[in-house]
Amino acid sequence: MSSIMQKEIFEEPSVIKHLLASYVTEKNEITFDMPDRIDNVVIVASGSSYNCAAIAAPLFIEYAQIPCEAEYSSEFVLQKKHFITPDSLYIFVSQSGETSDTLNALKMIKQEGVKTMCITNAKDSTMWKLCDYKILSDAGEEKSIASTKALTAQIFCSILVILNLVHKQGEDIGGYLNTMRRLPAYLERIKLDVDKINDAAHLVAEYNNISILGNKNYYPIAKEGALKMKETCYLNVMAYPFGEFMHGHVAVLNQKSIVIAIIDEENADFAVRNLKKIKDEYNPKIICITSVQDVKSGDINIYIKTKRKMKAIFGSLLTLQLIACEMAALLGKNPDSPKGLTKVVKDN
């Protein structure tokens, strides 16, 4: 029986189409309001929205060449000092616009007079009303507690913010936007690889010791995949950067283990080399989610065909979401309403 979570994952291509129609013109203009000058960005969020922030932060640096940090909301409110300039932009990300820790962080930083922006799925929420600049991620109602389509919409809107900054710097963003326009069809193709995805879910579901590895932008995607498996399957899944995993953490593979590796063009040689070492020394089962066709390092290799990082980010995320959803079904868990979790955390 299909779940609401699976239905919402399958809606992601149409959500992206809707956002493209809402925010991008045929003349490659991005239409939402933003400050004219930004010299640094801080993104504050919790849960899956934090993983959106951590995915976006290095993209701000790489594409817009603007310093950017991702901060956990609950940690942010404990800091006594924050880096602020007259052209700082603090972005707050929340599916509901009512996440208590994120609202507390927003209220704290507004006392400093800093420019604020929200990316939220809830127009007229508290966060929406408090922020200077507002972006509706507009994924539609998300009923499953484990966020999927709302997160994808947040990441997509974050990328549009980055591309708008690139455009303001005088660079042609037409090529980037054409990549984004091809994204819905790309995700539809990944959804069709259901046999490989289900094979991976069946294999992972046999293990209690699961490690997900990724580099740079893909490390927070690994974290999000781990979070989805925790939320829906109640498993203690851990995520690591590839290189850091080899510094001590790899000892967890002395137990019966499985490794899920996210591999793209930038880290392929490094990842394959480390996976060979892992296989030779510990012999765990390995699943590769890879945009590099020649990578065959896994017991199961799921090929998400693209050379574009901005597409591979979404492709690897959707693949992990589908694996987690199928695992929950196999383990007899309800992915739509995990025990002990609620969708919105409101301020008291």
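A crossing of two helices is called left-handed if the near helix is turned anticlockwise from the far one by less than a right angle, and right-handed if it is turned clockwise. The structure discussed here is a predicted model, in which local features need pLDDT of at least 70 and side-chain atom pairs count only at pLDDT 80 or more, while totals for chains, interfaces and linings use all residues. Residues are numbered from 1 along each chain as its sequence is written, and side-chain values use heavy atoms, with hydrogens and water left out.

1. Helices H7 and H8. The crossing of H7 and H8 is left-handed, where helices (H or I, at least four residues) and strands (E, at least two) are DSSP runs numbered from the N terminus. Two packed helices are described by the angle between their axes and the distance between the axes. Helix H7 (residues 149–168) and helix H8 (residues 174–181) pack at about 165 degrees with axes 11 Å apart, the axes being lines fitted to C-alpha atoms, for helices over the stretch in contact, and the angles running from 0 to 180 degrees between N-to-C directions. That angle makes H7 roughly antiparallel to H8, since angles under 35 degrees count as roughly parallel, over 145 as roughly antiparallel, 65 to 115 as roughly perpendicular and the rest as oblique. From H7, the contact (heavy atoms within 4.5 Å) is made by Phe 156, Ile 159, Leu 160 and Leu 163, and from H8 by Tyr 176, Leu 177 and Met 180.

2. The five-stranded sheet. Five strands form an open sheet in the order E2-E1-E3-E4-E5, and their pairing is parallel; two strands pair if DSSP finds at least two bridges between them. Strand E2 (68–72) and strand E5 (133–136) stand at the edges, and each has a single partner strand, so one side of each is left without a neighbour in the sheet. On average, and with direction ignored, neighbouring strands of this sheet are turned by 20 degrees against each other. Strand E1 (residues 40–45) runs parallel to E2 and is joined to E2 by five bridges, and Ala 45 has Tyr 72 as its bridge partner in E2.

3. Helix H5. The buried residues of helix H5 (residues 100–110) include Ser 100, Thr 102, Leu 103, Ala 105, Leu 106 and Ile 109, where buried means under 20% relative accessible area, exposed over 50%, and partly exposed in between (1.4 Å probe, protein chains only). The buried residues of H5 pack against E1, helix H4 (73–76), strand E3 (88–94), E4 and helix H6 (126–130).

4. Thr 120. This residue lies in strand E4 (residues 115–120), and Thr 120 counts as buried because its relative accessibility is 0%. A polar atom of the Thr 120 side chain lies 3.4 Å from the backbone oxygen of Gln 95, and the side chain of Thr 120 also reaches the backbone nitrogen of Ala 122 at 3.2 Å. Not counting residues up to four places away in sequence, Thr 120 touches several residues, among them Ser 94, Gly 97, Trp 128, Ile 135 and Asp 138.

5. Strands E6 and E7. From strand E6 (residues 210–213), Ile 210 and Ile 212 point one way and Ser 211 and Leu 213 the other way, and all are buried. E6 pairs with strand E7 (residues 237–240) in the parallel sense over four bridges, and Ser 211 stands opposite Met 238 in E7.

6. Thr 306. This residue lies in the loop between strand E10 (300–303) and helix H14 (309–330), and Thr 306 counts as buried because its relative accessibility is 7%. The side chain of Thr 306 reaches the backbone nitrogen of Arg 308 at 3.0 Å. Leaving aside neighbours within four places in sequence, Thr 306 is in contact with Tyr 186, Ser 291, Lys 311 and Ala 312.

7. Two residues with positive phi. Gln 65, although not a glycine, has a positive phi of about 55 degrees; Gln 65 is placed in the loop between helix H3 (47–64) and E2 and, at 68% relative accessibility, counts as exposed. Tyr 234, also not a glycine, has a positive phi of about 60 degrees; Tyr 234 is placed in the loop between helix H11 (218–233) and E7 and is partly exposed, with a relative accessible area of 41%.

Definitions and conventions
Polar contact = N/O pair within 3.5 Å; in protein donor to acceptor, adjacent residues only side chain to side chain.
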